[in-house]
Amino acid sequence: MSGYRNIRCVIAFDGTRFAGWQKQRTGLTIQGLLEDAVATMTGEQTVVHGAGRTDAGVHALAMTANFQTASNIPCTGFMKGLNSILPDDIRVLETCEARADFHARRSARAKTYIYTINTSPVQMPTSRLYAAHFPRKLDALAMKNAADLLVGVHDFSSFEATGSRDRTQKKGRGAVREILGVAINVSEDGHLHFEITGNGFLRHMVRNIVGTLLEVGELKKTKNDFAQILAAQNRARAGPTAPACGLFLKEVLY
């Protein structure tokens with residue numbers, strides 16, 4: 001829009017008490033609070049576009065967003081001002097002026113998510129909101145070998161939650177996405193960290209993949225089973241949805 005600036009932000013948030021990123025008719029959302037804060041500063045009603053939608057209880061270390069404004073408030077002023085208005089569980093980490101055609105979602109090339117699992121017999125209360133508790137022995141190597149099958153271009157219908165997209169649309173990419181990389185690591189404190197980078201993700205896709213990989217880790221399913229689940233394009237074949245609390249949006253790549 002002529003005469004408007006395009007402000008790009010990087011935002012971190014603890015998603016525990018929110019109904020997700022996207023503004024809704026009911027429920028507290030990150031997008032809704034950001035738009036209210038921008039309106040307080042500028043007097044303008046504007047849309048804050050996020051790089052993607054996160055579900056209730058999901059966290060972000062670096063969500064990219066952008067909004068249009070006619071205000072002459074400097075970028076550093078926006079960062080300080082927004083952080084003074086927003087609650088403590090949402091922080092603006094960076095602000096800068098972007099090109100007019102930059103869009104946080106449409107300009108993104110890929111996203112990286114991390115999922116953390118606590119395998120200890122008893123979970124510390126301080127980690128319960130940021131790691132899923134799975135107090136069972138897991139074969140991390142078996143999980144890694146199965147997860148490697150995700151890399152490449154696939155139809156991920158088997159890991160897609162209901163309501164992820166309009167299935168009546170004939171155009172578009174459907175459930176096809178490209179996974180660029182997958183890693184599974186075990187830290188010294190017994191936490192298992194799953195990291196996945198892709199050019200797009202379906203609703204609950206990462207959590208459904210993790211839930212299925214946990215069955216591989218328990219040796220309930222094999223690598224071949226996992227391959228068949230991926231090929232089946234049938235959500236009923238995959239494992240349960242892992243809890244939201246373990247999932248973080250790590251970064252958005254442009």
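This report walks through charged pairs, a surface patch and two further residues in a predicted model.

## Salt bridges

Let us start with the charges. Side chains of opposite charge can pair when their charged atoms come close. In this model the count comes to ten salt bridges, and a few of them are worth a visit here.

One of them joins Glu-35 to Lys-23, with 2.6 Å between the closest N and O atoms. This pair links distant parts of the chain: Glu-35 belongs to helix H1 (residues 30–42), while Lys-23 sits in the loop between strand E1 (5–13) and H1, and the two are twelve residues apart. Their surroundings are worth a look as well. Glu-35 has a relative accessible area of 6%, which is under 20%, so this residue counts as buried. Lys-23, at 48% relative accessibility, is partly exposed.

## Two further pairs and a network

Asp-148 and Lys-144 also meet through their side chains in a salt bridge, at 3.5 Å from N to O. Asp-148 is partly exposed at 34% relative accessibility, and Lys-144 is partly exposed with a relative accessible area of 34%.

Lys-220 and Glu-218 form a salt bridge too, with an N to O distance of 3.5 Å. Here Lys-220 is exposed, because its relative accessibility of 58% is over 50%. Glu-218, with a relative accessible area of 22%, is partly exposed. Which residues make up the network that includes this pair? Arg-136, Glu-218 and Lys-220 are linked by salt bridges.

Arg-203 lies in the loop between strand E9 (191–198) and helix H4 (205–217). Arg-203 has 38% relative accessibility and counts as partly exposed.

## A buried threonine

Now for helix H4 itself, where Thr-212 is found. Is Thr-212 buried or exposed? With a relative accessible area of 0%, Thr-212 is buried. Its side chain reaches the backbone nitrogen of Gly-239 at 2.8 Å.

## A tyrosine in a loop

Our last stop is Tyr-130, in the loop between strand E5 (110–118) and strand E6 (132–133). Tyr-130 has a relative accessible area of 30%, which makes this residue partly exposed. From C-alpha to C-alpha, Tyr-130 and Tyr-115 are 9.0 Å apart in space, and in sequence they are 15 residues apart.

Conventions. Residues are numbered from 1 along each chain as its sequence is written. This is a predicted model: local features need pLDDT of at least 70, side-chain atom pairs count only at pLDDT 80 or more; totals for chains, interfaces and linings use all residues. Side-chain values use heavy atoms; hydrogens and water are left out. Helices (H or I, at least four residues) and strands (E, at least two) are DSSP runs, numbered from the N terminus. Buried means under 20% relative accessible area, exposed over 50%, partly exposed in between (1.4 Å probe, protein chains only). A polar contact is a pair of N or O atoms within 3.5 Å; within protein, one must be able to donate a hydrogen and the other to accept it, and residues adjacent in sequence count only if both atoms are side-chain atoms. A salt bridge is a side-chain nitrogen of Lys or Arg within 4 Å of a carboxyl oxygen of Asp or Glu.
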